[in-house]
Amino acid sequence: MSATAPLTCKPGDYKSDTKPIWCPGCGDYHVLMALTRALAALGLPPEQIAIVSGIGCSSRIPAYTTCYGFHGVHGRSLPVAAGLKIVRPDLTVIVASGDGDGYSIGGNHFMHACRRNVDLTYLVMDNHIYGMTKGQPSPTTEPDFDTALTPGGTGVRPFNPLVVALASGANFVARAYAGNLHETANIIVEAVRHPGFSFIEILSPCITYRPDQRAWKDRVHAAPVTATDEAARAARRLMTDDGFNLGVLYRGNRRPYQPVAAAETCDLVEFEKGFEI
Amino acid sequence: MSETSDIEPVRSSAQLYAIAYEIEADAVERYKLLADQMQTHNNDELARIFLDLARAEGLHADEIRRLAGDLGVESKRGPIGSWRTESPESADLNAAHYLMTPRDALQMALAAEERALAFYTGLASAAIDPAVKKLAEDLVEEELEHVELCHRLLRRYPLPSVTPDDDPDPPLASD
C-alpha cells in the first residue's frame with residue numbers, strides 16, 4: 001500500500017471486542033450496526049472519531065466501538081462533546097444518548113447545544129421509556145401509558161424533540177427507525193457530513209419494557225416530503241407529523257460555532273499578575 | 001421490510017451476483033449478532049442455532065462468490081447496503097427475545113427465506129435479459145430449498161408450552 005493510499009475500514013473495524021449486553025431484540029443493536037456501517041462509509045479511521053455518551057442503555061455504545069469513547073455523566077454528554085470538539089476540531093465527534101438522558105436530565109443541554117451549533121452529530125435512541133431503571137415513563141412516553149408507577153398514564157403531553165431541535169437552532173434535523181438499518185446508516189453519514197449541530201432522533205424499540213413497540217416497524221413510513229432548508233417550512237411540517245415520519249426534515253445553512261482563537265502561548269507569571277491584590 | 005422496488009432494476013448478471021452476495025453476507029452478520037445476543041444471555045442452545053444459520057448463509061455467500069468468479073462481489077460490497085430499508089433475507093432483529101425458543105428462531109429464519117424467495121421470484125418474472133432471468137431462477141431454486149429445510153427443521157420442535165407472553169417473572173417491574 002502506498003503512503004498516500006486512502007485508509008479503508010470495514011464496519012467490523014469499528015466494533016470492539018466487548019459484546020453488548022442489551023436485551024435480545026433491543027433496537028440499539030441496529031443503531032450500533034448502522035453507526036459502524038456509516039463510519040465505514042465515511043472512511044474515517046477509528047482514531048479520528050470520538051463517541052461521547054451519558055447514562056442509560058443507549059449510552060453504553062462507546063464501549064462497543066473501537067473509536068475514542070467517553071461514557072460521561074447523566075445528561076451531560078453534549079457539553080462534554082462540545083468542549084472536546086472545540087479543543088480538537090480535527091476529531092469527528094458523535095454524541096449518543098437516550099430519551100431520558102437526552103431530553104430529561106440533559107434537556108437543557110439539548111436546547112443550548114442546538115443553539116450553539118457546534119459541529120457535532122447527536123444520535124438519540126428514543127424508546128419512550130427509562131429501560132435501564134426498569135420502565136419508568138420518560139419525556140417522550142405517551143400520556144396514557146399505564147404502569148403501576150403511573151396508573152392511567154402520566155397524563156402529561158410528551159416532549160417533541162424535533163420541534164425543540166428546530167426551534168432551538170439545530171442545523172440538521174432528522175428522524176430514523178433503528179429497524180431500517182440502511183436508511184439509518186445513510187442518515188448518519190449525511191448528518192456527520194453536514195456542518196454544525198446535527199440531530200437524529202432514532203426510534204429504537206425497547207422490546208423488554210415496551211413490547212408494544214414491536215409494532216413500530218409497521219407504523220414508520222417515509223416522510224411524504226423532501227428535506228427543506230427553510231426552518232419555517234420544516235416547522236409547519238412538524239405540525240402534522242405523526243411521530244413516525246422518517247427521513248431528513250431540515251438541512252440548515254447556519255455557520256457552525258467557531259471559538260475565538262486562544263493565545264498561542266500563556267505566560268503564567270503574567271496570568272497570575274492579574275489576580276494580585 | 002424490504003420490497004423489490006427498494007433497488008434499481010437488475011440489468012445484468014454481474015449486478016444480480018452482487019445483490020445476491022450482499023443479501024447472504026448481510027444475513028450472516030445478523031445471525032452472528034443474534035448468536036452473540038443469546039450467548040451473552042446464557043442461552044447456548046439458541047446461540048448454536050443462530051451460528052448454524054450464519055454458517056449456512058455463509059456457505060451460500062461463498063457459493064455465489066465462487067460462481068461470480070472475477071466479478072469481485074466481496075470487494076465491491078459497499079459498507080451500508082443497496083437497500084433503502086432492509087435486504088430481503090435479513091432476520092428481523094426486533095423479533096428476538098430472551099425467552100425465544102429454537103422454534104421461534106427457525107420461524108424467524110423461515111420468514112427471512114420466504115422474503116428472499118419472493119424477492120428472487122419477482123426478479124425472475126420481471127427480468128428481460130435471459131442471463132439475468134436464468135440466474136434469478138437458479139436463486140429461486142436455492143431459496144426454495146432453504147424454505148423447505150426450515151420447514152423440516154421446524155417439525156423437530158413442537159409448539160412451545162411457554163411464550164414470551166407467559167413470562168413467569170416478567171420484566172415489567174412497574175406493571
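Two residues are taken to be in contact if their C-beta atoms, placed from the backbone, lie within 7 Å. The model is predicted: local features need pLDDT of at least 70 and side-chain atom pairs count only at pLDDT 80 or more, while totals for chains, interfaces and linings use all residues. Residues are numbered from 1 along each chain as its sequence is written, with chains lettered from A and ligands numbered from 1 in the order in which they are written.

The contact between the chains takes 33 residues from chain A and 24 residues from chain B. On the side of chain A that touches chain B, helix H1 (28-42) and helix H6 (181-193) each supply at least two residues, and H1(A) gives the most, with six residues. Helices (H or I, at least four residues) and strands (E, at least two) are DSSP runs, numbered from the N terminus. The residues on this side of chain A divide into 15 nonpolar, eleven polar and seven charged, where Ala, Val, Leu, Ile, Met, Phe, Trp, Tyr, Cys and Pro count as nonpolar, Asp, Glu, Lys and Arg as charged, and the others, Gly among them, as polar.

Chain A averages a pLDDT (the predictor's confidence in each residue, from 0 to 100) of 93, and 96% of the residues score at least 70.

In chain A, eight strands form an open sheet of mixed pairing, in the order E2-E1-E3-E4-E6-E5-E8-E7. Its edge strands, strand E2 (68-71) and strand E7 (221-222) of chain A, each pair on one side only; two strands pair if DSSP finds at least two bridges between them. E7(A) pairs with strand E8 (residues 245-251) of chain A in the parallel sense over two bridges, and Ala222(A) stands opposite Leu246(A) in E8(A).

Chain B comes to four helices and zero strands. Buried residues (20 or more other C-beta atoms within 10 Å of their own, these atoms being placed from the backbone) make up 41% of the 175 residues in chain B. Among the buried residues of H2(B) are Leu46(B), Phe50(B), Glu57(B) and His60(B). Their cover includes helix H1 (13-40), helix H3 (102-126) and helix H4 (130-156) of chain B. Just after H2(B), Gly69(B) takes a positive phi of about 60°.

Methods: Buried ≥ 20, exposed ≤ 12 C-beta atoms within 10 Å, placed from the backbone.
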